[in-house]
Every structure is written in C-alpha cells, then in structure tokens.
Amino acid sequence: MSQDKLIIFDTTLRDGEQSPGASMTKEEKVRIAKALEKLRVDVIEAGFAIASVGDFEAVRAVAQVVKDSTVCSLARALDADIDRAAEALKGAVSPRIHTFISTSALHMAHKLQMSPEMVLEQAIRAVKRARQYTDNVEFSPEDAARSDVDFLCRVVEAAIEAGATTINIPDTVGYKIPHLFGQLIRTVRERVPNSDKAIFSVHCHNDLGLAVANSLSAVMNGARQVECTINGLGERAGNAALEEVVMAVRTRQDIFPCQTTIDTTQILNCSRLVSNITGFPVQPNKAIVGTNAFAHESGIHQDGVLKNRETYEIMRAEDVGWTTNRMVLGKHSGRNAFKTHLKQLNIEFKTEEELNAAFTRFKALADKKHEIYDEDLQALMTDVSTGENERIKLVTMRVVSEMGEMPQAQITLNIAGDELTCEAKGSGPVDATFKAIEQLANSQVKLLVYSVSNVTNGTDAQGEVSVRLEKEGRIVNGQGADTDILIASAKAYLNALNRILAPSERQHPQATASII
Ligand SMILES: CC(=O)SCCNC(=O)CCNC(=O)[C@H](O)C(C)(C)COP(=O)(O)OP(=O)(O)OC[C@H]1O[C@@H](n2cnc3c(N)ncnc32)[C@H](O)[C@@H]1OP(=O)(O)O
Ligand SMILES: CC(C)C(=O)C(=O)O
Ligand SMILES: [Mg+2]
C-alpha cells in the first residue's frame with residue numbers, strides 16, 4: 001500500500017444505521033452497498049452481524065454481492081460476536097472483522113465493569129480469534145479520545161502484536177478539538193513501538209460539529225484511514241461526512257499528503273440514495289450535496305461566477321455529480337444573471353432600456369417572492385410584452401370578501417388617459433372584479449373561459465390567470481400573472497379586453513422583449 005493512499009472506510013450501513021429512525025432492510029443495504037462500491041470506497045462496514053438475524057443476513061448479502069470493496073462486520077471483543085461476524089463474511093472476496101472494546105476509565109468502570117488488565121487481555125484474545133478467520137483485522141479502542149494515553153498505547157501495541165492490521169482511534173462521543181485530536185494520533189503513532197505494522201484510522205463523531213475537522217487533523221498527523229458515512233449519518237449527531245472528507249482532501253492537495261481513490265462523480269447519487277432510503281433529508285446548505293452547495297443568488301456572486309466560476313466556487317459541481325452549478329434568480333440578483341438566464345430561456349432584449357424595464361419588474365416581483373422560477377419569468381415577460389401602451393390600464397383595485405356577504409370590488413382604470421372608478425358586487429370576488437371592469441369599459445364582451453393556475457409552488461407562488469373573451473364572433477385570449485390572484489385576474493381580463501377592442505390583433509411595437 002503506497003504511503004500516500006487515504007483509505008475510505010464507509011460505515012453508513014453500520015454506524016449510520018445506528019441513527020435513530022435510520023434502520024435499513026437487507027435489500028436497502030445491498031442497494032446502498034452497490035452504490036458505495038461504485039463510489040469506490042475501500043471498505044464497507046455492512047453491519048453488526050450479531051445484532052440480529054436481519055443484520056447477519058444483510059452483512060452476508062452485502063458480502064456476497066460486493067466484489068471491489070472490502071466488506072466488514074463489527075464485533076464486540078467476544079468470541080460469539082467474532083464467530084458470527086466471520087460466518088456472515090464467508091462469501092466476501094475481501095473480508096474484514098472489526099473488533100472493539102472500550103479503553104476509557106469511564107467506560108471500563110461503568111459500562112464494561114472490567115479492570116484495565118481484563119480489557120487488555122480481552123482485546124488481545126479478540127484480535128487473535130479474528131485472525132483465525134482473516135488476516136484483515138481492525139481493532140478499535142472505543143472512547144480512545146477520552147482514554148488515558150499510556151493505557152491506550154499499551155492496548156494498541158498489544159492489539160498490533162496480536163495481529164491487528166488496522167488500528168482505529170475513535171472519538172466515540174465527539175469530544176475532541178482538532179489540534180488535540182491530531183496530536184493524539186501523532187503521540188500514539190510515535191509512542192507505540194510497532195505502530196508501523198498497522199494502518200492508523202480514525203472514527204470521529206459530530207457532537208460538537210467537529211467530526212470532519214478532527215478527521216482531517218488526524219490525516220495531517222499520519223492517519224491513513226478515515227471512517228465516515230454518507231451525508232454524515234450516524235449515532236447522535238452523526239459521523240464525519242464522507243463527501244466532506246473526500247472533497248477536502250481532494251480540493252486541498254496542496255496541504256494533504258495523501259489521496260483517496262473515490263470516484264467523486266458518484267457522491268451525489270449516493271447521498272440521494274441514502275437520503276431516500278432512510279428518509280433523512282439533506283439540508284439545503286449541506287456542503288457538497290445540499291441543493292444550495294453550488295447555487296448562487298446574489299448579483300455580485302452571480303456576476304463573478306458568470307465571468308469566472310472560480311471567483312466563488314472552490315470545487316466543480318460536476319466533479320461531485322451535479323450536472324452544473326445553479327443560478328437562482330431572486331431579490332439579490334443583478335442584471336448580468338437576469339439577462340443571462342433569460343437568454344437561456346430564448347428571451348432576448350433589443351436595447352439596454354428594454355432590459356432595464358424588465359429588470360425593474362423582475363425586482364418588484366422578487367420583493368414579493370422568495371425565489372423566481374423560469375415559469376415566473378415567462379409569465380413576467382409575457383406581461384411586459386403586452387402591458388405598456390394598452391388603452392385600458394389597471395390603476396388600482398380593492399376587493400372585499402366576507403363570509404355571508406356578497407364580495408365587492410372597487411376598481412380604478414385609466415381609459416385613454418382618464419381615470420375612472422366604480423364598485424360592483426358579484427357572486428365571488430373574481431366575478432365582482434370583472435363586473436366592476438365591465439361597468440367602466442362597457443365592452444359588451446362575453447367571458448368564455450376563466451382559468452387559474454399557480455405558476456410555481458408554495459403560498460407565495462405567482463398565479464397565472466387566462467381568460468377568453470368573445471365579441472361579435474371574435475375571440476381573444478388574455479393572460480395576467482401576479483402573486484395576488486385577483487390582481488392577476490383583472491390583468492388577464494384587461495389584457496384580453498384591450499386586444500378585443502383594438503381594430504385588429506396587433507403586434508405591440510413597444511414590446512419590451514421578444515420571446516424567440
Ligand atoms: C460505539 C459504538 O457504536 S458500539 C456499537 C453500538 N451498536 C450497537 O449496540 C448495535 C447492536 N447492538 C445490539 O444489537 C445489542 O446491544 C447486542 C446484540 C450487541 C447485545 O445485546 P445484549 O446481549 O442484550 O446486551 P446489551 O446491549 O443490553 O448490553 C451490552 C453488553 O455488551 C457488553 N459490551 C459492550 N461493549 C463490549 C465490547 N466491546 N466487548 C465486550 N463486551 C461489550 C456490555 O458490557 C454489556 O454486557 P452485560 O450485558 O454483561 O452488561
Ligand atoms: C465501534 C466504534 C468504532 C464506534 O463506532 C465508535 O467508537 O464510535
Ligand atoms: Mg461510532
């Protein structure tokens with residue numbers, strides 16, 4: 001094994017599964033194991049064979065199906081556990097038994113109720129027994145981070161002497177601070193005389209949000225295996241997130257003295273699979289795999305990224321499985337992103353003034369909505385291209401709707417330069433609005449169709465209204481969009497009304513955008 005290889009040991013199926021609510025069936029474990037093999041993790045800890053018949057079967061199934069990764073089962077430092085692990089791993093091309101026993105004073109006294117000498121003996125016995133089944137044996141002194149260093153070194157030396165090929169130093173309760181954990185790894189490696197006979201590994205928990213930082217600090221101090229999980233799943237606050245460890249090492253090759261052989265393009269697939277199977281959603285701002293990890297909404301950032309992605313991206317989204325980075329249009333966006341995005345939708349501006357007018361309308365909409373979707377923009381641009389010079393314009397409107405009362409609309413229109421106001425009642429608020437418009441316009445049109453759809457999801461969605469009017473055999477459609485469905489209705493009605501009252505269906509010379 002070359003010195004600069006960092007072994008990635010994935011324990012999503014064992015420690016990840018210990019997360020309350022994350023239990024997986026045998027079939028689910030096999031699906032994840034196949035994805036992990038494709039990701040090219042070096043070791044898959046498939047479960048804890050003695051835990052249950054189901055977990056034994058799951059370890060066995062994973063061992064039979066996975067060919068390119070080592071498959072591992074956890075076992076306490078007990079003969080029965082080790083025998084059961086070996087039994088489950090029988091079909092594996094490359095089996096590993098991972099045995100462990102606590103070495104902290106707290107765990108020994110209160111949990112195991114064993115003296116340190118008894119623990120030392122049991123560790124040696126367990127490693128030797130595991131070695132009878134395979135020459136790939138990992139030993140973990142559980143709660144190592146809170147153990148007395150002298151005793152820890154004694155146990156580690158004895159475990160290597162007994163045949164352990166990997167020594168895993170766990171921060172079982174996520175207690176360590178990065179520089180101190182790094183120091184611990186260096187100390188143990190330096191003080192244990194036979195430390196060069198084993199690969200040193202770390203297994204960090206995230207109780208203080210330091211699992212990845214602690215793991216990386218250990219790597220800087222000689223650890224060459226990191227135990228981690230997809231999405232950071234795991235007991236309590238979880239384990240070190242595989243995707244973060246792998247991408248940190250890859251992105252900062254200038255400081256890490258080692259490399260993984262992970263196919264990073266499979267990271268997102270694995271993340272989604274684990275999230276779907278466990279039902280644990282990935283937070284949007286999660287590094288690497290969150291939906292916002294490669295998304296930009298701020299105009300200054302978007303402008304920078306459009307000019308050169310490296311201005312605000314330290315990794316390529318494509319390298320971890322995203323199709324590309326993402327520009328999100330919202331209230332913080334600027335003209336460059338707006339224009340670029342509309343171009344992708346085949347909407348182009350002929351002049352700077354057209355762009356500015358559309359951009360003003362976009363900002364007004366963005367003030368009302370959290371996020372602007374393509375459909376919002378299409379609706380917005382349709383509105384822009386038909387609204388400006390129409391004969392009848394909406395000035396203001398107010399609709400009162402009260403249970404048990406007929407809804408009432410008060411509407412002010414600008415008709416050929418004159419502002420006129422009137423009120424009308426209707427069977428519903430839309431009916432009242434249209435009746436009020438008709439009282440002023442007196443157009444004698446017939447409403448054939450009224451339909452409303454939400455352009456996007458959520459209670460802040462833009463509603464798009466379509467109406468179809470008929471007058472003397474001529475039929476026209478009109479559209480309007482707004483976050484207020486009644487305003488969208490009035491706009492749609494007026495849009496159609498202006499068309500039907502015009503001498504013929506006109507092309508608006510003042511159109512501020514063209515949809516190609
Ligand atoms: C830090 C970690 O993640 S460790 C792994 C944690 N994962 C799990 O516990 C999940 C799987 N566990 C299980 O299904 C069950 O706990 C089993 C099947 C392993 C054991 O079940 P039970 O026999 O009912 O024991 P129980 O869980 O109540 O207690 C654990 C026993 O193991 C002992 N034990 C704990 N760790 C070790 C160890 N590394 N080596 C030897 N004995 C151990 C405890 O002292 C306790 O012994 P006691 O019953 O004599 O007091
Ligand atoms: C079994 C060991 C490695 C463990 O999960 C821990 O200490 O957190
Ligand atoms: Mg753990």
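Analyst: In this predicted model, the centres of domain 1 and domain 2, taken over C-alpha atoms, are separated by 43 Å. Domain 1 covers residues 7-278, domain 2 covers 295-372, and a further domain 3 covers 385-515. Contact between the two domains that concern us here involves nine residues of domain 1 and six residues of domain 2. On the domain 1 side, the elements that give two or more residues to this contact are α9 (242-251) and α10 (267-278), and by class that side has three nonpolar, five polar and one charged residues.

The part to look at closely is therefore α9, since this helix is one of the elements giving two or more residues to the side of domain 1 that touches domain 2, where two residues count as in contact if their C-beta atoms, placed from the backbone, lie within 7 Å. The helix is mostly covered, with eight of its 10 residues buried. The buried residues are Leu-242, Glu-243, Glu-244, Val-245, Val-246, Met-247, Ala-248 and Val-249. Their cover includes β1 (7-10), α8 (211-220), β8 (225-228) and α10.

Between α9 and α10 runs a loop, and Cys-258 is found in it. Leaving aside neighbours within four places in sequence, the contacts of Cys-258 are Asp-4, Lys-5, Leu-6, Val-219, Arg-224 and Val-249. Another, Val-219, lies 39 residues from Cys-258 along the chain, while the C-alpha atoms of the two are 8.4 Å apart.

To set this part in the whole, the secondary structure of the protein comes to 16 helices and 18 strands. The protein is more spread out than a compact globule, because its radius of gyration is 33 Å, well over the 24 Å that the globule rule gives for 516 residues. Along the principal axes, the C-alpha atoms fill a box of roughly 100 × 50 × 40 Å. Buried residues make up 44% of the 516 residues, and of the contacts with a separation of 6 or more, 66% are between residues 24 or more positions apart.

Note on methods
Residues are numbered from 1 along each chain as its sequence is written. Chains are lettered from A and ligands numbered from 1 in the order in which they are written. This is a predicted model: local features need pLDDT of at least 70, side-chain atom pairs count only at pLDDT 80 or more; totals for chains, interfaces and linings use all residues. Domain bounds come from an automatic or database domain assignment. Helices (H or I, at least four residues) and strands (E, at least two) are DSSP runs, numbered from the N terminus. Ala, Val, Leu, Ile, Met, Phe, Trp, Tyr, Cys and Pro count as nonpolar, Asp, Glu, Lys and Arg as charged, and the others, Gly among them, as polar. The radius of gyration is taken over C-alpha atoms; the globule rule is 2.2 Å times the number of residues to the power 0.38. A residue is buried if 20 or more other C-beta atoms lie within 10 Å of its own, exposed if 12 or fewer, and partly exposed in between; C-beta atoms are placed from the backbone.
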